Amino acid sequence: MAYYDIVSEGCDFSEDFQKRLGFSKVFSAGKDIGIYDADKKAGDCDGCIAYGSNASNMIHMVRSGAKAIMLKDFKIEKKLLEIAIENGCVLLVPFNGIISSYGFERSRNLFKASKFLSYATKKDAKISFISMASSKMDMCSYMQLVELAKMLGASEEEARDGISKTTKSVFDG
Amino acid sequence: MIREKHRYLLVEYNNEMPQDRTAFSKTLHKEIMSCFGQLHYFKGSFRIMEFPSGNFFIIRSSLNEYENLIRAFALIKRLGGDDAAFYTLRSSGTIKALKQYLSKMQKDAEGTE
């Protein structure tokens with residue numbers, strides 16, 4: 001099975017390192033695919049990732065052809081998620097907030113992420129688990145991504161699909 | 001008496017491995033305990049078995065807790081006051097299999113250079 005990950009634009013790593021972590025390819029958001037901050041303005045987002053917490057802007061971006069959405073703080077916006085699922089958008093679950101925080105903040109992030117995942121799974125959404133690492137330090141191996149996804153409540157199959165097929169589908173077509 | 005089943009993990013440390021392996025091991029165990037919690041830690045029977053080469057090491061865990069250990073390694077970001085990162089590369093039921101994997105991986109890396 002081929003595994004994929006998405007990291008932030010500034011994340012620097014070698015191809016050898018990417019191979020060691022078990023990924024076929026680590027994509028960079030900003031380089032390999034556009035990422036738009038929905039909190040700044042609602043623009044056309046065809047084939048890109050929409051990121052933010054402003055639901056109305058995000059809905060506009062989803063309707064204009066966003067491939068995937070990433071919600072700030074895993075805030076559940078029911079209407080947005082409904083429209084995103086209807087449009088075949090992938091919901092990205094980034095682990096950077098969990099990995100780089102500590103103590104109560106990490107606990108709170110874990111709780112929010114698991115609630116979000118539980119809601120999205122119930123609605124049959126396409127879910128992708130990514131590290132969204134901003135540096136090499138925050139990157140994870142494919143095994144770690146699978147286990148973190150399982151910790152949030154995903155099944156083994158959902159976790160593996162979420163870092164292979166679903167992540168790849170964001171970059172296909 | 002039922003024999004406890006173990007699982008071994010091959011882990012990469014992002015910094016250079018310190019000379020004092022005992023101190024490194026102690027600090028790492030402390031960090032793992034802070035992730036697991038005191039009540040859960042003893043079930044893992046964690047032990048660093050070997051430092052095969054470079055910044056890699058092989059750690060043992062009980063079969064029931066190895067998944068939590070993989071998660072703990074993803075979450076540990078500081079070790080003894082320094083920034084640190086641990087990448088779990090592979091898991092196996094034997095140390096030999098992990099050593100073979102590591103030497104194959106290192107040979108492949110040399111081949112591509």
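Asp37(A) lies opposite Tyr51(A), a residue of strand 4 of chain A. The model shown is predicted: local features require a pLDDT of at least 70, side-chain atom pairs count only at pLDDT 80 or more, and totals for chains, interfaces and linings use all residues. Residues are numbered from 1 along each chain as its sequence is written, while chains are lettered from A and ligands numbered from 1 in the order in which they are written. Strand 3 of chain A pairs with strand 4 (residues 49–52) of chain A in the parallel sense, over 3 bridges. Strand 4 of chain A also pairs with strand 5 (residues 68–71) of chain A, in the parallel sense and over 4 bridges. Within this second pairing, Ala50(A) stands opposite Ile69(A) of strand 5 of chain A. From strand 4 of chain A the chain crosses through helix 2 (residues 55–63) of chain A to strand 5 of chain A, a right-handed β-α-β crossover. Here helices (H or I, at least four residues) and strands (E, at least two) are DSSP runs numbered from the N terminus. Two strands pair if DSSP finds at least two bridges between them. A crossover is right-handed if, with the strands pointing away from the viewer, the path from the first strand over the helix to the second runs clockwise.

Asn57(A), Met58(A), Ile59(A), Met61(A) and Val62(A) are buried in helix 2 of chain A. A residue is buried if 20 or more other C-beta atoms lie within 10 Å of its own, exposed if 12 or fewer, and partly exposed in between, with C-beta atoms placed from the backbone. The cover over the buried residues of helix 2 of chain A includes strand 3, strand 4, strand 5 and helix 3 of chain A.

**The largest nonpolar core.** This core has 86 residues, of which Ile49(A), Ala50(A), Ala66(A), Ile69(A), Leu91(A) and Val11(B) touch the most other members. A nonpolar core is a set of buried Ala, Val, Leu, Ile, Met, Phe, Trp, Tyr and Cys residues joined through C-beta atoms within 7 Å. Leaving out residues up to four places away in sequence, Ala66(A) touches Cys45(A), Cys48(A), Ile49(A), Ala50(A), Met61(A) and Cys89(A). Contact between two residues requires their C-beta atoms, placed from the backbone, to lie within 7 Å.

**Helix 6 of chain A.** This helix is mostly covered, with 10 of its 11 residues buried. Among them are Tyr142(A), Gln144(A), Glu147(A) and Leu152(A). Elements of both chains take part in the cover over these buried residues, including strand 1 (4–7), helix 5 (103–122), strand 7 (126–130) and helix 7 (156–163) of chain A, and helix 3 and strand 6 of chain B. Gly153(A), which follows helix 6 of chain A, has a positive phi near 120°.

**The side of chain B that touches chain A.** In this interface, 18 residues of chain B contact 13 residues of chain A. Helix 3 (66–75), strand 6 (86–92) and helix 4 (95–112) of chain B are the elements that give two or more residues to this side of chain B. Helix 3 of chain B gives the most, 6 residues. By class, this side of chain B has 9 nonpolar, 4 polar and 5 charged residues. Ala, Val, Leu, Ile, Met, Phe, Trp, Tyr, Cys and Pro count as nonpolar, Asp, Glu, Lys and Arg as charged, and the others, Gly among them, as polar.

Asp124(A) has a positive phi of about 60° although it is not a glycine. Asp124(A) sits in the loop between helix 5 and strand 7 of chain A. Asp124(A) is exposed because 8 other C-beta atoms lie within 10 Å. Ser45(B), also not a glycine, has a positive phi of about 40°. Ser45(B) is in the loop between helix 2 and strand 2 (47–50) of chain B. Ser45(B) counts as partly exposed because it has 13 C-beta neighbours inside 10 Å.

**Confidence in the two chains.** Chain A has a mean pLDDT of 92, and 98% of its residues reach 70 or more. pLDDT is the predictor's confidence in each residue, from 0 to 100. In chain A, confidence is lowest in strand 3 (residues 35–37), at a mean of 89, and highest in helix 6 (residues 142–152), at 97. In chain B, the lowest confidence is in helix 2 (residues 38–41), at a mean of 86, and the highest in strand 6, at 97.
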